[in-house]
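Biologist: Hey, I've just got this one open on my screen. Please walk me through it, starting with the DNA.

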There are 2 protein chains.
Amino acid sequence: MRQWIDVQRKLLPDLLAIMQKRYEILQHIRLMQPIGRRTLALNLGISERVLRSEVQFLKEQNLLDITAAGMSITSDGHDVLMQLEDMMREVLGLKELERKIKQRLPVADVIVVAGDSDQSPWVKREMGRACVSRIKHSLTGNAIVAVTGGTTLAAVAEMMTPDMKYRDVLFVPARGGLGEDVTNQANTICARMAEKAMGHYRLLHVPDQLSAETYHSIIEEPAIKEVLDLIKSSTIVIHGIGDAKTMAERRKTPPKDMKKIEQNEAVAEAFGYYFNQHGEVVHKVNTVGIQLEDVRHVPCVIAVAGGASKAKAIRAYIKQANRCILITDEGAAKQLVRDDSSL
Amino acid sequence: MRQWIDVQRKLLPDLLAIMQKRYEILQHIRLMQPIGRRTLALNLGISERVLRSEVQFLKEQNLLDITAAGMSITSDGHDVLMQLEDMMREVLGLKELERKIKQRLPVADVIVVAGDSDQSPWVKREMGRACVSRIKHSLTGNAIVAVTGGTTLAAVAEMMTPDMKYRDVLFVPARGGLGEDVTNQANTICARMAEKAMGHYRLLHVPDQLSAETYHSIIEEPAIKEVLDLIKSSTIVIHGIGDAKTMAERRKTPPKDMKKIEQNEAVAEAFGYYFNQHGEVVHKVNTVGIQLEDVRHVPCVIAVAGGASKAKAIRAYIKQANRCILITDEGAAKQLVRDDSSL
DNA sequence: CATAGTGGGACTTTAAACGTCCAGATAGAG
DNA sequence: CTCTATCTGGACGTTTAAAGTCCCACTATG
């Protein structure tokens, strides 16, 4: 396949560009369907007229449907898109990035999607899609999937699709309240993901700020304890990686902790833990649920994070992680490789 | 690879056509270099202007050189062409033909090249090229290669290229005089092939028509006997397959034999043997050299024959052959498959 | 029922591809 | 050495396809 692309690059250089264009069009339509020409053209950054020609072509190929409400993907288009995903990763050199990252960081697997989520918000959803298909890949029987919060995880939940495989899967939030907005809380995302997957889910109703006494008594409540046990025995953990400062600010972090985080030069955050650039824990939010030790024993840990600005955070987290699966984007991946080359 | 082609067919339907066009241009240039635009355009059956555009493009890609004497292939172009050969066989459905033939006829391997040598004479040279690369593939140490005569084998000799592998290879004519023109005789072709390959060769100087006495005494001559022994112990045999009637007419076949061949409904001819449609020998030319029994014990027998008109002959010969390697063209292959489907 | 967003038709502009013709250069034959 | 045939490459008008522009009819949704 590699040589096939190389030959085509020599023999038909601009056709690969056209292929990429059509691929992106299909991809966007799938993402935003039903959608109109103008909106889509604006989104893709191409003229409306050329989009129109392309759309007409794609329609003639039976790859997309076109109704009064807008354009949407046919099942043929869906199939083509599925196969294209793999090829385009190779064409765009994303596989190359994956190889490099695998060489340089201790990860079990890497998937890089095109784009930079710093610049194009929809790239998060592509990471979400990649994450979902990766999960399906390593799903066995009646798994317990623990998920965290964050906008990236929200995107993952949004892209979740129902599947027979999820019939006996249980979704749980990885940890209790971390001080986030309700839309970004693990509970919310867990529920959303389970609904989209047509699977089951349990939630963890523990308030954010508790006195020590209440805390100790509440975790002895049978209803709570049962969920906590499920969480500790989860087989898959899906979590985001945040920039330490951004996360601390977004959460209602007390000034005392804020200072601690800053002074210890934390750069990364994941499920309530803050790491410095060497991957050492410098602070943790006190809450129930899975702990860092527990994570190390989970067979399948998937970290999802993208955008060039998160490269440092990703590197720091990966350093201490136990060969997790990383799902990221082109922006972050390139930055990671660049940083590594300059060291 | 199969799916890659299918997707591209959907997404860029004319891509494969363009690819094929450029492939053919490169192929022809390699075959006829150095060659001018007009001659080439005429040969390819396309307008001179479009050829000019294509050539300009290919030149910019550094795939061909262009001098006052005409156009020729660069080493880059050669590499691309090598890789393309395989891909185009897949694209043009030739691999499909190969699969079908392998299913239906008792052959060890089949290679089908594009075109029909009945209509385009240069297709024989393509078969020649395919044959040469196939030989190299199954060449071991100091092999002895026996070759027959015929226009197709002449094309094989013409396409032979020198290679380190041929250093210890010995070329010999498979059989003595069969009544052909000197240009199509096994001796001539054997010498030509060996020269092109930079290998060694021995010839068999035995006149066509001999009395029984002379015959028996000549084969006892040490010089002759040595060559005959080499022939009998050859490790590779390359031969053509002819239409029985055509071959009989081309050779100075005596009326008596002619009648015998016709009455027994011979359809195929190979190294002096005539076969009917069931693969049974109905006549043989009396001469020294390898015999049909000997051929059965040669580890690698390669039959080269193309053109739709030869399909019947190929089928008949293959029926009695002991899992040989067949090198043919699209015209013959399609006819073979068609005949087989209608049975 | 109004409005924002949709597809699609029609026309003009622009660029690329193509057909055609010819001049200058070069290799090979005589 | 000369002559001729063949080669490339430039020039220019023509054709055809793509892209820009504007507008209209329709429809889903609030």
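Biologist: How many residues surround DNA strand D, and which are the closest?

Modeller: There are 17 residues around DNA strand D, and Ser47(A), Arg37(B), Arg38(B), Thr39(B) and Arg52(B) are the closest. A residue is near a strand if one of its heavy atoms lies within 4 Å of it. Bear in mind that this is a predicted model, where local features need pLDDT of at least 70, side-chain atom pairs count only at pLDDT 80 or more, and totals for chains, interfaces and linings use all residues. Residues are numbered from 1 along each chain as its sequence is written, chains are lettered from A and ligands numbered from 1 in the order in which they are written, and side-chain values use heavy atoms, with hydrogens and water left out.

Biologist: OK. How far is the Ser47(A) side chain from a phosphate oxygen of DNA strand D?

Modeller: An N or O atom in the side chain of Ser47(A) is 2.4 Å from a phosphate oxygen of DNA strand D. The cut-off for a polar contact is a pair of N or O atoms within 3.5 Å; within protein, one must be able to donate a hydrogen and the other to accept it, and residues adjacent in sequence count only if both atoms are side-chain atoms. Gly36(B) uses its backbone instead, with an N or O atom 3.2 Å from a phosphate oxygen of DNA strand D.

Biologist: And what lies 3.4 Å from a base nitrogen of DNA strand D?

Modeller: That's a polar side-chain atom of Arg49(A). Taking the atoms of DNA strand D within 4 Å of the protein, 49% are sugar or phosphate and the rest belong to bases.

Biologist: Which element gives the largest share of the surface near DNA strand D?

Modeller: It's α3(B), with three residues. Helices (H or I, at least four residues) and strands (E, at least two) are DSSP runs, numbered from the N terminus. By type, the surface near DNA strand D has seven nonpolar, five polar and five charged residues. Ala, Val, Leu, Ile, Met, Phe, Trp, Tyr, Cys and Pro count as nonpolar, Asp, Glu, Lys and Arg as charged, and the others, Gly among them, as polar.

Biologist: Now DNA strand C. Which residues come nearest there?

Modeller: Gly36(A), Arg37(A), Arg38(A), Arg52(A) and Ser47(B) come nearest, out of 17 around DNA strand C. A polar backbone atom of Gly36(A) is 2.9 Å from a phosphate oxygen, and the Ser47(B) side chain has an N or O atom 2.3 Å from one. Arg49(B) has a polar side-chain atom 3.4 Å from a base nitrogen of DNA strand C. Elements giving two or more residues to this surface include α3 (37-44) of chain A and α4 (48-60) of chain B.

Biologist: What about Arg134(B): buried or exposed?

Modeller: Arg134(B) counts as buried because its relative accessibility is 13%. Buried means under 20% relative accessible area, exposed over 50%, and partly exposed in between (1.4 Å probe, protein chains only). Arg134(B) lies in helix α7 (residues 123-137) of chain B, and its side chain makes a polar contact of 3.1 Å with the side chain of Asp109(B). Leaving out residues up to four places away in sequence, Arg134(B) touches Asp109(B), Ile111(B), Ile325(B) and Ile327(B); contact means heavy atoms within 4.5 Å.

Biologist: And Met198(B), buried or exposed?

Modeller: Met198(B) is exposed, because its relative accessibility is 63%. Met198(B) isn't a glycine, yet it has a positive phi of about 60 degrees. You'll find Met198(B) in the loop between α9 (186-197) and β6 (200-201) of chain B.
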